Amino acid sequence: MAINPTLDPFTPAALGPVQLRNRIIKAATSEGRSPKGLVTDELIEFHRRYVDGGVGMTTLAYCCVAPEGASAPGQILMGRKAIPGLKKFTDTMHEGGAAVSAQLGHAGVVASKKITGRTPMAPSRFFNPSSLQYCREITAAEIARVVDQFAEAADVAVESGFDAVELHFGHLYLPSSFLSSKLNRRKDSYGGSIDDRSRFVREIARRVRETVGEKIAVIAKISMDDGIPGGIWLAESLRTAQLLDEDANLDAIELTQGSSVSRQMYLFRGDVPVDEFAALMPQPLKAGVRAFGRKMLGEYPYEDLYMLESARQFVPLMKNTKLILLGGITNHDHLVTGLREGFDFVAMARALLREPDLVRRMMDDPSVPSRCSHCNKCMVTVFGRTHCVLDPSQRYSAAKGA
């Protein structure tokens, strides 16, 4: 029996002004292939594999809206200097038949002074247990500047030929940190109730939409909850999403979980690669990671579609905005389940990192299983060139820097 076209993940679908060839999005994952903050041929080839593998859209991560917004060395700065390389990047993806999105972000709390040379900013003064450094409180004038920086970065994306931008409002990066009552203790109009704590992300979305108009799609990635006691939780993130939907400045919201500040395994689930993380650290950090790594990172069992239970709460609230389901999507049944639950698109990350051609393989045979073992050792590779350690060809290329 033929599948209902509305539930077929391989049929074309509109995302705002953009027509995607199917409903499957390669989610943003660190690449580690732009050492000078500019596009390289290696970065293009990394994404071309997913395009050749059948995704409807691939996502370039992570593009900083400001130098102080970097969370790791070598991330692309979304400025005019990057445009020639970005154009080559988007042209290549379009030649392969896929759309392409740029994830725009400001790391804020997740930034490191060792990388940016500046003290990281947060809604309120905050000690980051992962970086072991204090973050200073951002001023109202700096908030307005960051809003402008997101808009300027979006304008660069338009000129560079991107089909969409993804505003990173998740994982306790700067915009997301405003949504957390644990990190946001401000007494001005950006603190207090969840409506006021949502003001910053709403302002960013509005300015970006005003800047790009209907030239490209605008997506926001938000954390449904961050896994930290006293932080972002479902009831409040539902309200943030409702406010963003009422503003009607977004074409889609991608739902995520977790943070990059603490209990990072809440996003990934499954095996905790403590030994691999410890191997990268100098003493005495090495011993500390071995002793306390599981407690710091958290331990959460993996299960298929592990974000669905929370994500389905958002479906009835959306009147103007489409939804993208993420988390534990590895096979054709998962794709269909997401669409049946009311999501418009599904996003995949680790499964595609293991098998860039998985989408085409599922098109040919819906029963094909994923080879991703959820070992999460790919997490550690983000400190170099992100790759699946179980794929000899990727591992060799990463080791050689090819």
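A salt bridge is a side-chain nitrogen of Lys or Arg within 4 Å of a carboxyl oxygen of Asp or Glu. The exercises below apply this to a predicted model.

**Exercise 1.** Which residue forms a salt bridge with Glu-152, and how far apart are the closest N and O atoms?

Solution. 
- Step 1. The partner of Glu-152 is Arg-145.
- Step 2. The closest N and O atoms of this pair are 3.0 Å apart, and the cut-off for a salt bridge is 4 Å.
- Step 3. Glu-152 has a relative accessible area of 39%, so it is partly exposed.
- Step 4. Arg-145 is also partly exposed, because its relative accessible area is 39%.

**Exercise 2.** Find the salt-bridge partner of Glu-142, then classify both residues by accessibility.

Solution. 
- Step 1. Glu-142 pairs with Arg-136, and 2.7 Å separates their closest N and O atoms.
- Step 2. Buried means under 20% relative accessible area and exposed means over 50%, with partly exposed in between.
- Step 3. Glu-142 stands at 23% and therefore counts as partly exposed.
- Step 4. Arg-136 stands at 33%, so it is partly exposed.

**Exercise 3.** How many salt bridges does a search of the whole structure find, and which residues are linked with Glu-42 in a network?

Solution. 
- Step 1. The search of the whole structure gives 23 salt bridges.
- Step 2. Glu-42 is linked with Arg-33 and Arg-385 in a network of salt bridges.

**Exercise 4.** Locate Ser-198 and decide whether it is buried or exposed.

Solution. 
- Step 1. Ser-198 sits in the loop between helix H6 (194-197) and helix H7 (199-212).
- Step 2. Its relative accessibility is 0%, so Ser-198 counts as buried.
- Step 3. When neighbours within four places in sequence are left aside, Ser-198 is in contact with Leu-179, Thr-240 and Leu-243.
- Step 4. Arg-312 is 114 residues from Ser-198 along the chain, and the C-alpha atoms of the two are separated by 21 Å.

Terms used. Residues are numbered from 1 along each chain as its sequence is written. This is a predicted model: local features need pLDDT of at least 70, side-chain atom pairs count only at pLDDT 80 or more; totals for chains, interfaces and linings use all residues. Side-chain values use heavy atoms; hydrogens and water are left out. Helices (H or I, at least four residues) and strands (E, at least two) are DSSP runs, numbered from the N terminus. Buried means under 20% relative accessible area, exposed over 50%, partly exposed in between (1.4 Å probe, protein chains only). Contact means heavy atoms within 4.5 Å.
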